[in-house]
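Here are my notes on this model, as numbered points. Please read them with the structure open.

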Amino acid sequence: MRKSLRLIVAALVAFAITSSIALAAVNVKSFPVATFGDPNAASVTLRGGNFSGLGSVPAIATLTVTGTVSYDCANPQGHLSPGQNPVAAQPGTANQDLGNADHNGRGTITDLTASVTAGPTPTPQQVGCGGGGSNNWTVTLNTLTATSAHLVITQSGSIIFCRNYTLGGPATGTAC
């Protein structure tokens with residue numbers, strides 16, 4: 001019984017070592033490029049990420065996008081003026097299997113898009129309507145803008161690649 005247990009433990013250790021070596025062998029052939037505002041200002045699209053050395057364990061790319069919402073304020077007479085305080089948008093997330101399990105350990109990110117959304121309409125005070133934020137103002141959505149994105153690629157729950165992207169920053173992002 002002890003001999004069987006030792007063999008099982010040895011096999012698990014060997015598997016863990018080879019798995020960690022396989023994850024460490026990931027090569028970036030080309031960095032994913034982020035396009036903000038594609039197809040609208042509220043979204044970010046990643047294209048062109050190409051990886052090798054992923055092995056046959058599925059690799060999953062997760063893109064999380066954050067941003068801001070600006071609102072217009074209409075006074076009781078119906079005249080519009082911009083709100084003074086942008087508010088945080090609701091983050092958006094998208095996932096994509098890189099397809100490496102079927103392509104000899106090579107995986108690609110193709111058109112992975114995530115968008116931010118407006119949350120519940122804020123109060124006139126939150127938006128900064130009417131100077132002191134009178135409740136007599138009406139709040140309407142003006143613009144929704146994605147301002148940053150975070151890409152994580154995982155295999156078996158382990159992070160193997162990570163990039164951060166910002167509106168106006170480098171299209172290939174920066175390392176996490």
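1. Start with strands E2 and E3. E3 covers residues 43–47, and the two strands pair in the antiparallel sense over four bridges. Within this pairing, Val33 faces Arg47 of E3. Keep in mind throughout that the model is predicted.

2. The pair belongs to an open sheet. Its three strands run in the order E2-E3-E10, and the pairing is antiparallel. E2 (33–36) and E10 (112–115) are the edge strands, and each pairs on one side only. On average, neighbouring strands here are turned by 20 degrees against each other, direction ignored.

3. Another open sheet has three strands in the order E1-E4-E9, also with antiparallel pairing. E1 (27–30) and E9 (107–109) stand at its edges. Each has a single partner strand, so one side of each lacks a neighbour in the sheet. From one strand to the next, the twist averages 25 degrees.

4. Now the contact between E1 and E4 in that sheet. E4 spans residues 49–52, and its antiparallel pairing with E1 rests on three bridges. Val28 stands opposite Phe51, a residue of E4.

5. How many disulfides does the model hold? The count is two, taking sulfur atoms within 2.5 Å as the criterion. With the bonded cysteines of the protein chain numbered in sequence order, the pairing reads 1-2, 3-4.

6. Cys73 sits in strand E5 (residues 59–74). Cys129 sits in the loop between helix H2 (124–127) and strand E11 (138–155), so the bond ties together parts that are 56 residues apart in sequence.

7. The link is left-handed, with -80 degrees about the S-S bond. Cys162 lies in strand E12 (residues 158–166), and Cys176 in the segment after strand E13 (174–175). The parts that this pair ties together are therefore 14 residues apart in sequence.

8. The accessibility of this second pair deserves a separate check. Cys162 counts as buried at 19% relative accessibility. The cut-off for buried is under 20%. Cys176, by contrast, is exposed, with a relative accessible area of 51%. The cut-off for exposed is over 50%. I would state both percentages beside the labels.

9. Arg163 also lies in strand E12. What is the nearest side chain of opposite charge to Arg163? It is Asp111, 17 Å away. Arg163 is buried yet has no salt bridge. Its side chain does reach the backbone oxygen of Gly173, at 3.0 Å.

10. To sum up, the points to look at again are these. The sheets have the orders E2-E3-E10 and E1-E4-E9. Arg163 is buried without a salt bridge.

Key
Residues are numbered from 1 along each chain as its sequence is written. This is a predicted model: local features need pLDDT of at least 70, side-chain atom pairs count only at pLDDT 80 or more; totals for chains, interfaces and linings use all residues. Side-chain values use heavy atoms; hydrogens and water are left out. Two strands pair if DSSP finds at least two bridges between them. Axes are lines fitted to C-alpha atoms, for helices over the stretch in contact, and angles run from 0 to 180 degrees between N-to-C directions. Buried means under 20% relative accessible area, exposed over 50%, partly exposed in between (1.4 Å probe, protein chains only). Lys and Arg count as positive and Asp and Glu as negative; His and the chain ends are not counted. A salt bridge is a side-chain nitrogen of Lys or Arg within 4 Å of a carboxyl oxygen of Asp or Glu. A polar contact is a pair of N or O atoms within 3.5 Å; within protein, one must be able to donate a hydrogen and the other to accept it, and residues adjacent in sequence count only if both atoms are side-chain atoms.
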